[in-house]
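Here is a set of questions and answers about how structural terms are applied. Each answer sets a value beside the definition of the term.

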Amino acid sequence: MPLLEVKNLRLGYGDKVVLNDISFTLYRGEVKVVMGPSGCGKTSLLRCLNLLVKPTGGQIFLNGQEITAPNTHERAVRRQIGFVFQQFGLFRHLDALHNVMLAPVKLLKLSRKEAQERARHELSRVDMLEHAEKYPAQLSGGQQQRIAIARALAMDPKLILFDEPTSALDPELSREISIIINRLFLDDVSMLCVTHDAHFAKYVCDKIIFLDQGNILAEQQPEQLYAQQEDERIRRFFRMAREGGS
Ligand SMILES: Nc1ncnc2c1ncn2[C@@H]1O[C@H](COP(=O)(O)OP(=O)(O)OP(=O)(O)O)[C@@H](O)[C@H]1O
Ligand SMILES: [Mg+2]
């Protein structure tokens, strides 16, 4: 059974169709990347998966349970899905350790001691234990993003969603993040990651889902997709990425 199964998902805002019949699966331990032009619906897709917006049609299953069903306990679902954003979203007034401890204490009701142990473990997974007492303002963008990843991991989620985790970072820091994501992949963490960075995608994922105007145009391994000759929209995207990125 797939960990995540998306079936004929649709999302519209008024007359505007944002996602049009999206279907894919993600198995446990798999990492898939979502790519596509600006405005094609990538963030909207993640927001549907995390139940932040209600789809107009279709179904989403997590571990075989339909989370788009009307009686779903949304907060219980969100607890099982970590979300890491472009802009890290750390609490400025808390040090790294307390940023990571917060949700386990508040949502999982762990004791402070248990939460601290867990937070230290997750910080060490992202090589940030030595910075546990620093505040976000004292950390680089890449370090802040690693804290944000540790914070997601501390909830022991079934799945982590990333929305452009490297787009606020320079190439060197984004490489750091790709190394961390790759390490999580080796630990069997299931991830769906939106990015426009073709180098990053190739390094971190099994397959790329290419979206265009709310439709999946292709789902392929990075090498196959980058060499795609058939679809003009996909060719144009990677041609522009190469020209813009060099
Ligand atoms: N709350 C909203 N109300 C109306 N339209 C919206 C809303 N949120 C997003 N949209 C529209 O939905 C479309 C898809 O937006 P989305 O943010 O999912 O794109 P994206 O692929 O993540 O783009 P980017 O690469 O720029 O982040 C866009 O046309 C956007 O204007
Ligand atoms: Mg977006």
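Q: Which backbone nitrogen lies 2.9 Å from a polar atom of the side chain of S190?
A: The backbone nitrogen of G29 lies 2.9 Å from that side-chain atom of S190. A polar contact is a pair of N or O atoms within 3.5 Å, where, within protein, one atom must be able to donate a hydrogen and the other to accept it, and residues adjacent in sequence count only if both atoms are side-chain atoms. This is a predicted model, in which local features need pLDDT of at least 70 and side-chain atom pairs count only at pLDDT 80 or more, while totals for chains, interfaces and linings use all residues. Residues are numbered from 1 along each chain as its sequence is written, and side-chain values use heavy atoms, with hydrogens and water left out.

Q: Why is S190 called buried?
A: Buried means under 20% relative accessible area, exposed means over 50%, and partly exposed is in between (1.4 Å probe, protein chains only). S190 has a relative accessible area of 2%, so S190 is buried. The residue lies in the loop between helix 6 (171–186) and strand 8 (191–194).

Q: Why does R235 count as partly exposed?
A: The relative accessibility of R235 is 31%, and therefore this residue counts as partly exposed. R235 is found in helix 9, residues 232–245.

Q: How do you know that the span of helix 4 agrees with its number of residues?
A: The expected span of a helix is 1.5 Å times one less than its number of residues. Helix 4 (residues 112–125) has 14 residues and should span 20 Å, and its end C-alpha atoms are 20 Å apart, so the two values agree.

Q: What makes the buried residues of helix 4 line one face?
A: The buried residues of helix 4 are A115, A119, E122, L123 and R125. Seen down the axis of helix 4, they fall within an arc of 150°, and therefore they line one face of the helix. The arc is that of the directions from the helix axis to the C-beta atoms.

Conventions. Chains are lettered from A and ligands numbered from 1 in the order in which they are written. Helices (H or I, at least four residues) and strands (E, at least two) are DSSP runs, numbered from the N terminus.
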